[in-house]
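Load the model in your viewer and keep the selection panel open. The stops below go from charged pairs to the core and then to the pocket.

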Amino acid sequence: MTSLKSQVSLEVPVAAPEVYAVLADGWSYSSWVVGNAHIRDVDPGWPAPGTRIHHSVGAWPVHISDITVVRESVPDRLIDLEAKLWLLGTARVRISLEPLSASSTRVVMEEGAMSGPGRLMPDAVQAFLLRFRNNEALSRLADLAVGRAKAH
């Protein structure tokens with residue numbers, strides 16, 4: 001199993017199913033995954049294991065097209081992903097949902113390089129670089145979950 005180098009968490013004021021609903025909407029990923037510029041397609045059945053999001057990363061006009069694959073998914077509890085980034089390699093991203101109450105969830109995001117240049121970085125450097133990006137991603141994910149909950 002790949003060691004996950006970075007871990008961040010955030011308490012979100014909605015129930016776990018509300019957060020999972022955002023994770024289960026593959027088309028929402030470019031709204032909360034920092035660096036993801038565009039979703040080109042989402043496999044039917046997302047987020048079942050083996051399904052993919054076809055995405056682009058980078059700023060226009062330099063976009064790199066690649067995919068993210070679901071490794072494991074447990075509704076309202078977790079999604080474990082393998083993000084492929086062209087020549088940069090792959091990363092494992094695990095998002096766990098821990099219900100704190102009927103209206104509050106701790107979201108834990110763990111990430112680590114699986115292949116490519118990131119694997120050569122010392123663990124502490126990898127964790128440092130990922131922390132800021134992943135904290136921002138969790139903040140965006142929380143905003144989407146709260147906004148969707150208010151809309152219903």
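Which side chain meets that of R71 in a salt bridge? Select R71 and D80: their side chains form a salt bridge with an N to O distance of 3.4 Å. Bear in mind throughout that this is a predicted model.

**Stop 1: around D80**

Colour the pair by accessibility. R71 is partly exposed, at a relative accessible area of 35%, whereas D80 is buried, at 2%. R92 has a relative accessibility of 2%; buried means under 20%, so R92 counts as buried.

**Stop 2: D43 and R52**

The structure holds nine salt bridges in total. Another one to display joins the side chains of D43 and R52, at 3.1 Å from N to O. D43 counts as buried at 15% relative accessibility, while R52 is partly exposed at 32%.

**Stop 3**

In soluble globular proteins, nonpolar side chains tend to be buried together. The largest nonpolar core here has 28 residues, and L23, Y29, W32 and I95 touch the most other members. Strand 1 (6–12), helix 1 (16–23), helix 2, strand 2 (36–42), strand 5, strand 6, strand 7 and helix 3 each give two or more residues to this core.

Centre the view on L23. Which residues are in contact with L23, apart from its neighbours within four places in sequence? They are Y29, W32, W46, I79, I95, L97 and L141.

**Stop 4: the largest pocket**

The largest pocket holds about 670 Å³ of space. Its lining has 31 residues, of which L85, A91, E111, L130 and R133 are the closest to the pocket centre.

Next, select the elements that each supply at least two lining residues: helix 2 (29–32), strand 3 (52–57), strand 5 (78–84), strand 6 (90–101), strand 7 (104–115) and helix 3 (123–151). Which element gives the most to the lining? Strand 7 does, with five residues. Colouring the lining by residue type gives 19 nonpolar, ten polar and two charged residues.

How values were computed. Residues are numbered from 1 along each chain as its sequence is written. This is a predicted model: local features need pLDDT of at least 70, side-chain atom pairs count only at pLDDT 80 or more; totals for chains, interfaces and linings use all residues. Side-chain values use heavy atoms; hydrogens and water are left out. On a 1 Å grid over the protein atoms alone, a cavity is a set of points where a 1.4 Å probe fits but cannot get out, and a pocket is an open set with protein on both sides within 12 Å along at least five of seven lines; lining residues have an atom within 4 Å of a point. Grid points are joined across faces, edges and corners, and a volume is the space filled by probe spheres set on the points. Helices (H or I, at least four residues) and strands (E, at least two) are DSSP runs, numbered from the N terminus. Ala, Val, Leu, Ile, Met, Phe, Trp, Tyr, Cys and Pro count as nonpolar, Asp, Glu, Lys and Arg as charged, and the others, Gly among them, as polar. A nonpolar core is a set of buried Ala, Val, Leu, Ile, Met, Phe, Trp, Tyr and Cys residues joined through side-chain atoms within 4.5 Å. Buried means under 20% relative accessible area, exposed over 50%, partly exposed in between (1.4 Å probe, protein chains only). Contact means heavy atoms within 4.5 Å. A salt bridge is a side-chain nitrogen of Lys or Arg within 4 Å of a carboxyl oxygen of Asp or Glu.
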